[in-house]
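Please read them with the structure open.

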Amino acid sequence: MFNTADNKISPKTLQQQYIFNQFNEKKYVDCTIFQFGWQKCDPLHSFGPAVRNHYLFHYVVSGQGTLVSTNSKNEDYTYQIRAGQGFLISPGQKTHYFADELQPWQYTWIEFDGIKAQEFMSMAGLDYDSPVYYSNLPSMQQVVRDELLYIANHGNESDMNLIGHMYLFMDALQKSSTRRKTSIGKNLKDYYINDAIEFIENNYFNAITVEDVAAFCNLNRSYFGKIFKDSLRITPQEFLINYRTTKACEYLETTDMLIGEISRLVGYPSQLHFSRAFKKVNGISPREWRLTHMKK
């Protein structure tokens, strides 16, 4: 674990005011990182109003500041947040936050998303209407801080290392939150989504379509598409393509199989169609991706 003294950061970060890193691996479907960092803010330093595409969690290391965010009814609420607390910004939520004039905060943050992201935050009791993290367990609260500071200070570590510390942060967040939930009640739509994801995970290598997934769930194609996008914020087709290209990345990185073979292994009989889908998701062709990521 990355240990720090109370309300202090590592010697590395004391030499600067700002750390920012992006995380470019997209093969972690359940929950992945997009960017992370740390900042020692000037008085009244602000960000927003803005809307995020992914979850963004800030932990306040020292000082204090103000968060203004919309709730599920699109009403603005103001929260005063101090050292030892944190705040969650949910996808699509408009927020504006700024440092205190006399005791400006320094905070560390992580932006993340994935199939399980909403569930993880719900287990910690954090959402649109309850965005502020409070803790009455100092030892676990320190783990939340230390794991985020570790990630902020180790941008050059391997993707598995950083993902591992992200999960340690999530675990400590859930255990230490005063709003912690021991279980989450699921409605019928949640079960449909879980069944759909499980079907894709078990059949992505076959030439399945969204219609096949909807039929497996015994749902109308249009209704299935609506509840899927409402839940995961992407369409079933986008999810299927993303899942297949994620699996393709694993083969490209860890094997020397021909691209045509990989194409068939992830459900694309046509290598041309596979290459087009892969480039749309990753911005480069499978061959280019392999050259930059293949294990030595």
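1. In what sense do S7 and strand S10 (residues 132-133) pair, and over how many bridges? The two strands pair in the antiparallel sense, over 2 bridges. Within this pairing, Gly86 stands opposite Tyr133 in S10. Please keep in mind throughout that the model is predicted.

2. S7 also has a partner in strand S4 (residues 55-62), and these two strands run antiparallel and are joined by 4 bridges. Two of the facing positions can be named. Phe57 stands opposite Leu88 in S7, and the bridge partner of His58 is Phe87.

3. Are the residues on the faces of S7 buried or exposed? Strand S7 covers residues 86-89, and both of its faces are covered. Gly86 and Leu88 lie on one side, Phe87 and Ile89 lie on the other, and all four are buried. As background, side chains in a regular strand alternate between the two faces of the sheet.

4. These pairings belong to an open sheet of 6 strands with antiparallel pairing, in the order S1-S2-S9-S4-S7-S10. Its edge strands are strand S1 (18-22) and S10, each of which pairs on one side only. Helix H3 (residues 138-153) packs on this sheet, where it touches S1, strand S2 (32-40), S4, strand S9 (106-113) and S10. The direction of H3 makes about 105° with that of S4.

5. Helix H4 lies across S2, S4, S9 and S10 and runs at about 75° to S2. H4 spans residues 159-176 and includes Gln174. With a relative accessible area of 17%, Gln174 falls under the 20% limit and is therefore buried. Apart from its neighbours within four places in sequence, Gln174 is in contact with Phe120, Met123, Ala124 and Arg180.

6. Lys181 lies in the loop between H4 and helix H5 (188-203). Lys181 has a relative accessible area of 38%, so it counts as partly exposed. Leaving aside neighbours within four places in sequence, the contacts of Lys181 are Ser122, Met123 and Gly125.

7. Thr66 stands opposite Phe98 in S8.

8. Some backbone geometry deserves a check by eye. A cis peptide bond joins Gly48 and Pro49, with omega about 0°, and Pro49 is found in strand S3. Leu44 has a positive phi of about 65° although it is not a glycine. Leu44 lies in the loop between S2 and S3 and, at 47% relative accessibility, counts as partly exposed.

9. Asn74 is another non-glycine residue with a positive phi, of about 65°. The place of Asn74 is in the loop between S5 and S6. Is Asn74 buried or exposed? Its relative accessible area is 63%, above the cut-off of 50%, so Asn74 is exposed.

10. Last, the second largest pocket holds about 200 Å³ of space. Its lining consists of 14 residues, and those nearest its centre are Ile208, Gln237, Arg244, Gly267 and Tyr268. Which helices each supply at least two residues of this lining? They are helix H8 (236-254) and helix H10 (271-282). H8 gives the most, with 4 residues. By class, the lining divides into 8 nonpolar, 5 polar and 1 charged.

Key
Residues are numbered from 1 along each chain as its sequence is written. This is a predicted model: local features need pLDDT of at least 70, side-chain atom pairs count only at pLDDT 80 or more; totals for chains, interfaces and linings use all residues. Side-chain values use heavy atoms; hydrogens and water are left out. Buried means under 20% relative accessible area, exposed over 50%, partly exposed in between (1.4 Å probe, protein chains only). Contact means heavy atoms within 4.5 Å. On a 1 Å grid over the protein atoms alone, a cavity is a set of points where a 1.4 Å probe fits but cannot get out, and a pocket is an open set with protein on both sides within 12 Å along at least five of seven lines; lining residues have an atom within 4 Å of a point. Grid points are joined across faces, edges and corners, and a volume is the space filled by probe spheres set on the points. Ala, Val, Leu, Ile, Met, Phe, Trp, Tyr, Cys and Pro count as nonpolar, Asp, Glu, Lys and Arg as charged, and the others, Gly among them, as polar. Two strands pair if DSSP finds at least two bridges between them. Axes are lines fitted to C-alpha atoms, for helices over the stretch in contact, and angles run from 0 to 180 degrees between N-to-C directions.
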